Amino acid sequence: MNTIINSFKNHISFSNFWIRNGFIIVMLSILVNHLTEPENFPFHRDYKFPLLPILVSIIAGSVVFLIASFNFKYYKNKYFAKKTNTQLLLRFLFSTLGYITILYLSLYFGLNGFINGTESYNIYYLLTGLSVTLLMNTLLIAILFAPDIYKLHKLVSIKGTLKVQQGGKLTLVKYPEIAFIYSENKIVYIIKTDGGSVITDFTLNEVESKISEQSFFRANRQIILHPRSVKQVQSIENGKLSVLLKPTIASKKPFQINISRYKKQEFMNWLEGKL
């Protein structure tokens, strides 16, 4: 219970919520409500400042932000810490909109039925209101979370760090230092761009679960690549790819691997996205 309360306090803290996101919510509420009705437009001869609609929009926007922020935290801990791609971002968006839809329908049928009775339900107004609400919330979520998503993407794809424990010693290897990671005789080595190597005490599968898929690619059962290590790619027999890796200082000989035809397109899509 205390964990839930502390998490809630963190989400609505003054510095995190009202300064950065509260200002955006207020500005959007003022803008939208000045455009919804002709008399709300500043240059209309019967202009009236839409105070009540703005207050309602601010409250609704705050509730939406709380729902989205809790969902964002869940996705951040479970998915975004490893990768941030279009598919995951759309899953986050649509799941958030799903929660908002449930809330909207609950309020519509609950409040409307309580105040006006069941005869007041109108499917046209329901769908129209829901569509506009989801559209505006999509815009709100995109604006509020764009900085966090950018920072997260930058973290996992540029500034990530791999923690390696071996023989009671902890070694921190930054992503930009890694050329590739490979397994030989059941020992996993991290080959660094400066020619050095780090011996690890975990399997290649365990390494794969720790690193960012934005930056690394599991080429086969023995090796994980970073795009900076790829020197040349060539098609060979049976639809396979032959990949020549850049030699390190410690090993002057190039490292050559094959990628199966089943992983060929996935590898090329990944590599082209890094060029």
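A salt bridge is a side-chain nitrogen of Lys or Arg within 4 Å of a carboxyl oxygen of Asp or Glu. In this predicted model, the side chains of Glu208 and Arg218 meet in such a bridge (2.9 Å, N to O). Local features need pLDDT of at least 70 and side-chain atom pairs count only at pLDDT 80 or more, whereas totals for chains, interfaces and linings use all residues. Residues are numbered from 1 along each chain as its sequence is written, and side-chain values use heavy atoms, with hydrogens and water left out.

**Overall composition**
- The protein contains 7 helices and 10 strands; helices (H or I, at least four residues) and strands (E, at least two) are DSSP runs, numbered from the N terminus.
- Of the 275 residues, 34% are buried, that is, under 20% relative accessible area, with exposed meaning over 50% and partly exposed in between (1.4 Å probe, protein chains only).
- Among contacts (heavy atoms within 4.5 Å) with a separation of 6 or more, 50% are between residues 24 or more positions apart.

**Salt bridge**
- A search of the whole structure finds 1 salt bridge.
- Glu208 belongs to helix α6 (residues 204-210) and Arg218 to strand β6 (residues 217-218), so the pair ties together parts that are 10 residues apart in sequence.
- Glu208 is partly exposed, at 31% relative accessible area, while Arg218 counts as buried at 14%.

**Nonpolar cores**
- A nonpolar core is a set of buried Ala, Val, Leu, Ile, Met, Phe, Trp, Tyr and Cys residues joined through side-chain atoms within 4.5 Å.
- The largest such core has 18 residues, and Phe180, Ile223, Leu225 and Phe267 have the most contacts inside it.
- At least two residues of this core come from each of β3 (178-184), β4 (187-192), β7 (223-225), β9 (241-245), β10 (255-259) and α7 (261-272).
- Another core, of 17 residues, lies apart from it and includes Ile25, Phe65, Phe92 and Leu152.
- Beyond its neighbours within four places in sequence, Ile223 is in contact with residues including Phe180, Leu204, Arg218 and Ile257.

**Sheet β8-β9-β10**
- These 3 strands form an open antiparallel sheet in the order β8-β9-β10; two strands pair if DSSP finds at least two bridges between them.
- β8 (230-235) and β10 stand at the edges with a single partner strand each, so one side of each is left without a neighbour in the sheet.
- β8 and β9 are joined by 5 bridges, and Ser235 stands opposite Leu241 in β9.
- α7 lies across β8, β9 and β10, at about 140 degrees to β8; axes are lines fitted to C-alpha atoms, for helices over the stretch in contact, and angles run from 0 to 180 degrees between N-to-C directions.
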